[in-house]
Amino acid sequence: MKIHNFNAGPSVLPKEVVRKSAQSVINFNDTGLSLLEISHRSQDFLEIIEKTTCLVKRIMNLNDEYAILFLQGGATLQFSMVPYNLMHKKAAYLDTGFWAYNAIKEAKKLGKVKILFSGRKNNYTYISKNYHIPYDMDYFHCTSNNTIVGTQMKIFPKTSVPIVCDMSSDIFSRKLDFDQFSLIYASAQKNVSSAGMTIVILKKDILGKLKKNIPSYMDYKIHIQNNSILNTPNVFSIYNSMLTLEWIENQGGLSILEKKNQHKAKLLYDEIDQNNLFENKIHKENRSNMNVSFFLKNKNLEKKFNKMWKKENIVGLDGHRYLGGYRASIYNALSNESVQFLIEIMKEFERKFS
Ligand code: PMP
C-alpha cells in the first residue's frame with residue numbers, strides 16, 4: 001500500500017533517487033565496494049563533487065563568480081558561519097519565523113543586529129514588504145520559506161547590501177534570479193538529499209573583507225580552497241544530492257517544478273478554505289508552497305481526524321511541536337496523487353463530522 005509522506009524534513013525523496021543511492025551503498029559504480037567504503041579523496045568521489053557542483057550552477061543559472069560548498073553542521077552552523085565571515089559591525093535581519101529567530105540569536109553574539117521586521121507578535125503569520133535596508137549594513141539576512149509556520153517570501157528586496165538567504169525548505173522548488181543573492185544556504189534534508197549536508201552557494205567576492213581570525217571550519221575561504229573536503233564530508237548525502245539534482249533536470253528544471261508545486265499547494269489551500277472544519281492562519285499572499293499549515297476549528301475533533309489519516313497510511317502530518325495542528329510538507333518529490341489523497345480524506349472527514 002502506498003505511503004503518503006508529508007514529513008517536514010527529513011522528508012520524501014524521489015523513489016528512483018532512493019533506489020539508486022541504496023544500490024550505491026551495496027555496490028558503487030560496479031566497483032564492488034560500497035559508496036561508504038571509498039575514500040572521499042578518491043577520483044570517484046571527486047567526480048561526484050564536481051558533477052554536483054556543475055548541476056547546482058546549471059539548475060540555478062549561476063556563473064563562476066559563485067562557489068558551491070557541501071558542508072556539515074546543518075543550516076544551524078550557517079547561523080554562525082555567516083556572521084563570522086561577513087559581519088564587520090552590523091547586519092540587518094528579518095524575523096519571519098522560528099528559524100530566522102535562531103539565526104538572529106547567533107548573529108547577536110558576533111555583532112549588532114538590526115531587525116527590520118518581526119512577525120513574532122503575530123505568530124509569524126505575515127511577512128511585511130514595508131521595510132528599508134540601511135545602506136551601511138554588512139549584509140541583509142532573510143529566510144525564504146518558514147518551515148514551521150508555513151510562510152514564504154514571494155519577492156526579495158532590491159538593495160546594494162549583500163543578500164544572504166536561508167533557503168533550507170524551498171531551495172530548488174521555484175525559479176528565482178539566484179544571482180540577486182550573495183550567499184544562499186540550505187540544509188539538504190528537505191528538497192535535496194538525506195540529512196547531514198548543507199549546501200552553501202556564495203559569491204566569492206564577498207569574502208576576505210574582514211581582518212578576523214576565523215576558526216578553519218568556519219572559514220568559507222578555506223572550504224573553497226579545499227573543494228569541500230577540508231575534512232571528511234558526508235559522502236552519502238553529497239552523492240544523494242547529485243542524484244536528486246539529476247532528477248530535477250530530468251523533470252524539466254525549476255520552472256516546471258515550480259508550476260507543479262504551485263498546483264499542489266493551490267489544491268490543498270483551496271480545500272482548507274472551503275472545508276468547514278479546517279482553517280489556515282497565514283495571510284494569503286505569504287502562504288508557503290512547501291509547508292501548508294492548517295488547524296481544526298474545533299480542537300475536540302483532533303483525535304478523530306488523527307485516527308482517520310493515520311489509518312490511511314498518511315505520515316508526517318502533525319504540526320510542529322511549537323504550534324500543534326497540522327502541516328503538510330509538499331516538497332518537490334511529493335506527488336500530486338498524495339495531495340489529492342489527503343484532500344479526499346479531509347472531504348470525507350467534513351462529510352462525517354460537519
Ligand atoms: N532553517 C530552516 C528554514 C529550517 O527549516 C531548518 C530545519 N528544519 C533549519 C534552518 C535548521 O536546519 P538544521 O537542522 O539542518 O540545522
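Which residues line the largest cavity? Select Met167, Asp170, Ile171, Phe172, Ser173, Arg174, Leu176 and Phe178 to see that lining.

Before going on, some ground rules. This is a predicted model, where local features need pLDDT of at least 70, side-chain atom pairs count only at pLDDT 80 or more, and totals for chains, interfaces and linings use all residues. Residues are numbered from 1 along each chain as its sequence is written, and side-chain values use heavy atoms, with hydrogens and water left out.

**Stop one: the cavity.** The structure holds 1 cavity of 30 Å³ or more. A cavity is a set of points, on a 1 Å grid over the protein atoms alone, where a 1.4 Å probe fits but cannot get out; lining residues have an atom within 4 Å of a point. About 30 Å³ of space lies in the largest cavity. Its volume is the space filled by probe spheres set on the points, which are joined across faces, edges and corners. Colour the lining by class: 5 nonpolar, 1 polar and 2 charged.

**Stop two: the cysteines.** Select Cys165 and Cys142. The sulfur of Cys165 has its closest cysteine sulfur in Cys142, 3.9 Å away, too far for a bond. A disulfide needs two cysteine sulfur atoms within 2.5 Å. The whole structure has 0 disulfides. Cys165 is buried, at 0% relative accessible area, whereas Cys54 is partly exposed, at 34%. Buried means under 20%, exposed over 50%, partly exposed in between (1.4 Å probe, protein chains only).

**Stop three: the domains.** Colour 15–251 as domain 1 and 253–353 as domain 2. These bounds come from an automatic or database domain assignment. The domain centres, over C-alpha atoms, are 27 Å apart. Contact (heavy atoms within 4.5 Å) takes 26 residues from domain 1 and 27 residues from domain 2.

Key: 1 Å grid on protein atoms, 1.4 Å probe; cavity = no way out; pocket = protein on both sides within 12 Å on 5 of 7 lines; lining within 4 Å. Nonpolar A, V, L, I, M, F, W, Y, C, P; charged D, E, K, R; others polar.
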